[in-house]
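Work through the exercises below with the sequence and coordinates open. Each task is followed by a solution in steps.

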Amino acid sequence: MLTDAHWMRLEPLIEACRPKGKTPPQDLRRTLSAILWRHQNGAKWRAIPAELGPWSRAAQMFIRWAHLGVWERLLRLAQERSVQLGMTFLDGTSIRAHQKAAGAEKRGTPAERDTREALGRSRGGYGTKACVIADGLGRAVAFILAPGQAHELPHAVPLLERLPGVPKWVVADRGLSSHAFREHIWSLGARPAIPPKQNEAPVACPDWIYVNRHRVENLWARLKEWRAIATRYEKTASSFMGVLCLAAALDWIKP
């Protein structure tokens, strides 16, 4: 359930980014509470408690708004004017897909569907690779989804482009160690803090900066408290992105 403190901060953001139809949504707070209950508990839509309203209303609104990009706009509004760019953190995590995540539209080859829906097989099983860029306080700024077997490095530059400005430091683990990527960071006017791999020549990586990387790991720990993020239940990439953005937006506005 949404507390009064959460709803007071969330309501103006929802009103600013929701689609404007001829009739406003019914019981908006109760429907959003149902959506949050479902994703925080990883339950079926039909399992939503009756006191939170019809489950079909919550399901239809969440999926429709995810398709329209409402949850991504909500995240951008939640972080407006308060992104801390002293340091930014890049990190990715593998999220195992539940069997219920299968069954999206069968269009294109299997490889094309896996890429479009950000699903693929890795050593950890069938799942999704979720990449995030976080601000200096460890709050999510943007996400990119990829199939489970994908590497994080190709998504690092697009994530940097989603920042509202140029950071002072870009911090990442050695999975993003790349001479070309470090050169790109320098070209932006920022400094990289990325340790080299064991087979690479030593590079500067200040310990007093890199030690802060736990902030993005803590971010994933908070987000994965939502069972629908720890395990992917959504069939489409747009719906799963909606879950991530909704959870991240609430992380931004928490009292």
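**Exercise 1: Helix 1**

In this predicted model, the buried residues of helix 1 are Trp7, Leu10, Leu13, Ile14 and Cys17.

Task: State which helices cover the buried residues of helix 1, then describe the span of helix 1 and its kink.

Solution:
1. The cover over these buried residues includes helix 2 (28–41), helix 3 (55–68), helix 4 (70–78) and helix 11 (237–253).
2. Helix 1 contains 14 residues, and its first and last C-alpha atoms are 20 Å apart, close to the expected 20 Å at 1.5 Å a residue.
3. Helix 1 has a kink of about 35 degrees at Leu10, shortly before the proline Pro12.

**Exercise 2: Glu15**

Task: Classify Glu15 as buried, partly exposed or exposed, and list its contacts.

Solution:
1. Glu15 lies in helix 1, which covers residues 4–17.
2. Its relative accessible area is 31%; buried requires under 20% and exposed over 50%, so Glu15 is partly exposed.
3. Leaving aside residues up to four places away in sequence, Glu15 touches Lys20 and Leu28.
4. The side chains of Glu15 and Arg18 form a polar contact at 3.1 Å.

**Exercise 3: Helix 3 and helix 4**

Task: Determine how helix 3 and helix 4 are oriented to each other.

Solution:
1. Two packed helices are described by the angle and the distance between their axes.
2. Here the axes of helix 3 and helix 4 come within 5 Å and cross at roughly 70 degrees.
3. Angles of 65 to 115 degrees count as roughly perpendicular, so helix 3 and helix 4 are roughly perpendicular to each other.
4. Phe62, Trp65, Ala66 and Leu68 of helix 3 meet Val70, Trp71 and Arg73 of helix 4.

Definitions and conventions: Residues are numbered from 1 along each chain as its sequence is written. This is a predicted model: local features need pLDDT of at least 70, side-chain atom pairs count only at pLDDT 80 or more; totals for chains, interfaces and linings use all residues. Side-chain values use heavy atoms; hydrogens and water are left out. Helices (H or I, at least four residues) and strands (E, at least two) are DSSP runs, numbered from the N terminus. Buried means under 20% relative accessible area, exposed over 50%, partly exposed in between (1.4 Å probe, protein chains only). Contact means heavy atoms within 4.5 Å. A polar contact is a pair of N or O atoms within 3.5 Å; within protein, one must be able to donate a hydrogen and the other to accept it, and residues adjacent in sequence count only if both atoms are side-chain atoms. The expected span of a helix is 1.5 Å times one less than its number of residues. The bend at a residue is the angle between axes fitted to the seven residues ending there and the seven starting there. Axes are lines fitted to C-alpha atoms, for helices over the stretch in contact, and angles run from 0 to 180 degrees between N-to-C directions. Angles under 35 degrees count as roughly parallel, over 145 as roughly antiparallel, 65 to 115 as roughly perpendicular and the rest as oblique.
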